[in-house]
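Subject: Model handover

Hello,

Here is the model for your files. My notes follow below it.

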Amino acid sequence: MPHLTANGVRTFYRSIGEGPPLLLIAGNGMDHTTFDEQVPSFSRRFRCIVYDMRGIGQSDIPQDGYTTTEMAADALALLDGLGIAQAHVAGYSLGGAIGQEIAALAPDRVTTLSLYSSFDRPDAYLRLRYELLVKILLQATPEIWAMFTAFSAFGSEYINANEDAVHEEIGRRVARWSGMQAPSKLGLAGHYRAILEHDASGRLAQIRCPTWIAVGSQDPVTPVTYAERMHAAIAGSRLEVFPDRPHRILNFQADAFTERALAFLCEHR
């Protein structure tokens with residue numbers, strides 16, 4: 001399996017398809033498979049680069065460096081290692097925060113920016129969620145962690161309308177912690193702390209590339225108010241709200257999202 005050293009971190013990556021490069025950055029605790037529902041469509045028009053961020057999957061799990069600025073440096077070093085001077089950048093949740101840092105740090109490297117269910121800075125509710133998650137991760141059982149992450153990520157309206165699907169998702173999350181491939185608590189806590197420390201709100205006005213911001217209307221983690229705030233700060237950006245969708249717009253009834261995300265990318269291909 002391909003690895004390269006990016007910013008001092010041995011990093012697992014995959015390259016799928018041909019065409020202009022598209023760097024896809026996962027959310028907290030999620031690995032290179034995060035975009036599996038999008039890559040079959042995206043890779044028909046783009047060279048998709050997916051990877052495991054520091055602290056997760058088959059990449060190194062360093063003791064430190066868990067900030068969105070440092071993780072943006074990881075991503076840029078990965079592009080360097082692959083000989084890619086400029087790429088489309090799309091990030092989900094924490095990945096979107098990292099994408100903001102890339103676009104602010106190295107604007108000449110970013111063709112377009114796509115922010116999926118993301119945030120510019122955590123407000124009080126989001127800070128409390130991740131402060132709780134750090135404690136639950138380190139002190140509670142995998143089942144409690146899985147139940148809390150699902151409960152706080154889907155919200156009451158979505159859970160009431162999709163109870164069976166949410167319980168299936170809880171089961172998948174519990175199972176993920178049960179085998180030899182269980183995530184590192186050190187790495188996942190690092191991702192949580194990166195969210196707590198992220199604040200790009202003062203730099204969003206520096207982003208000049210075409211930007212598409214997508215969010216689900218029933219997202220309690222990064223609600224529409226975050227998307228509206230980023231949309232107001234990034235000149236010329238577009239905002240699209242997907243009705244009745246939760247935080248995981250990538251995976252739950254994702255066809256409409258994938259179609260619209262690809263349409264934006266193809267406009268600037």
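A word on terms before the findings: buried means under 20% relative accessible area, exposed means over 50%, and partly exposed is in between (1.4 Å probe, protein chains only). This is a predicted model, so local features need pLDDT of at least 70 and side-chain atom pairs count only at pLDDT 80 or more, while totals for chains, interfaces and linings use all residues. Residues are numbered from 1 along each chain as its sequence is written, and side-chain values use heavy atoms, with hydrogens and water left out.

**The chain as a whole**

The chain has nine helices and eight strands. These are DSSP runs numbered from the N terminus (helices H or I, at least four residues; strands E, at least two). Along the principal axes, the C-alpha atoms fill a box of roughly 45 × 40 × 35 Å. Of the 269 residues, 55% count as buried.

Take contacts next (heavy atoms within 4.5 Å). Among those between residues at least 6 apart in sequence, 77% join residues at least 24 apart.

Side-chain charges: 24 positive and 30 negative. Lys and Arg count as positive, Asp and Glu as negative; His and the chain ends are not counted. The centres of the two sets lie 3 Å apart, with each charge placed at NZ of Lys, CZ of Arg, CG of Asp or CD of Glu.

Most residues other than glycine have a negative phi. Which residues in the loop between β8 and α9 are worth a look? D244 lies there, between β8 (238-242) and α9 (255-267). Its phi is near 60°, a positive value. Q253 is found in that loop too. Q253 has a positive phi of about 55° and is not a glycine either. D244 is partly exposed, with a relative accessible area of 45%. Q253 is also partly exposed, at 49%.

**T211**

T211 sits in strand β7 (residues 211-216). Is T211 buried or exposed? At 2% relative accessibility, T211 counts as buried. The T211 side chain reaches the backbone oxygen of C209 at 2.9 Å. Leaving aside residues up to four places away in sequence, T211 touches L113, L115, I234, S237, R238 and F264.

Best wishes

Notes
A polar contact is a pair of N or O atoms within 3.5 Å; within protein, one must be able to donate a hydrogen and the other to accept it, and residues adjacent in sequence count only if both atoms are side-chain atoms.
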